[in-house]
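Trainee: I would like to learn how to read helix packing and loop contacts. Can we work through one model together?

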Amino acid sequence: MRNALARGVAMLAALLVVQATTSLSQEYDPPTYKEDPRLLILRDFFEERGSPVPHLARDFLIAADRNGLDWRLLPSIAVVESGAGRAFRNNNLFGWDNGDHGFPSVREGIHLVAWKLGNSKLYKNKNLDEKLATYNPYPHYPPLVK
């Protein structure tokens, strides 16, 4: 009886490990975006503005798609806040927290800001204009980003 119980517990643990591994790999293995026309559009968008981040276009797409955001939102905020990354500090392309917040990397900043805009209590369930007005209460900010 004890051996059967031990085998059952071991089998359950193995199933949980397999499930956890599958979930993590699915979560962190996004589509390649190779054939996605948005990728080329974003790279061109950044290159035309002399931005140092065209190589991160895929990250912008992944972050937007994972968090239910319009794929143009973060690049547009980056243009308004940091000249598309030409003038930023602390890996913060978005002027997050008045530009004072630092991120470990630009890539991590993209993903964290996208998560906040899509999921935090402050932004979730708001339309684009409401999100932008919350992001920056200056009345002319939403049209600048859009």
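Mentor: Start with the polar contact: a pair of N or O atoms within 3.5 Å. Within protein, one atom must be able to donate a hydrogen and the other to accept it, and residues adjacent in sequence count only if both atoms are side-chain atoms. Here, the side chain of N136 reaches the backbone nitrogen of Y138 at 2.9 Å.

Mentor: Two notes on the source. This is a predicted model, in which local features need pLDDT of at least 70 and side-chain atom pairs count only at pLDDT 80 or more, while totals for chains, interfaces and linings use all residues. Residues are numbered from 1 along each chain as its sequence is written, and side-chain values use heavy atoms, with hydrogens and water left out.

Trainee: Where is N136 found?

Mentor: Helices are DSSP runs of H or I with at least four residues, strands are runs of E with at least two, and both are numbered from the N terminus. N136 sits in the loop between α6 (128-135) and α7 (141-145).

Trainee: What is N136 in contact with, beyond its neighbours within four places in sequence?

Mentor: Contact means heavy atoms within 4.5 Å. By that rule N136 is in contact with E81 and Y141, leaving aside neighbours within four places in sequence. W96 is 40 residues from N136 along the chain, and their C-alpha atoms are separated by 9.8 Å.

Trainee: Is N136 buried or partly exposed?

Mentor: Buried means under 20% relative accessible area, exposed means over 50%, and partly exposed lies in between (1.4 Å probe, protein chains only). N136 has 21%, so it is partly exposed. N67, in the loop between α3 and α4, has 13% and is therefore buried. Not counting residues up to four places away in sequence, N67 touches A114, W115, G118 and N119.

Trainee: How many residues of α4 are buried?

Mentor: Seven of its 10 residues, so α4 is mostly covered. They are L73, L74, P75, S76, I77, A78 and S82. These buried residues pack against α2 (37-48), α3 (57-66), α5, α6 and α7. After α4 comes G83, with a positive phi near 60°.

Trainee: At what angle do α4 and α5 pack?

Mentor: Axes are lines fitted to C-alpha atoms, for helices over the stretch in contact, and angles run from 0 to 180 degrees between N-to-C directions. α4 (residues 73-82) and α5 (residues 106-119) pack at about 115°, with axes 11 Å apart. Therefore α4 is roughly perpendicular to α5. The classes are: under 35 degrees roughly parallel, over 145 roughly antiparallel, 65 to 115 roughly perpendicular, and the rest oblique.

Trainee: Which residues make that contact of α4 with α5?

Mentor: L73, L74 and I77 of α4, with I110, V113, A114 and L117 of α5. Nonpolar covers Ala, Val, Leu, Ile, Met, Phe, Trp, Tyr, Cys and Pro; charged covers Asp, Glu, Lys and Arg; the others, Gly among them, are polar. This contact has seven nonpolar, no polar and no charged residues.

Trainee: What is the angle between α3 and α5?

Mentor: About 20°, with their axes 9 Å apart. That makes α3 roughly parallel to α5. D59, F60, I62 and A63 in α3 meet R107, I110, H111 and A114 in α5. The classes here are five nonpolar, one polar and two charged.
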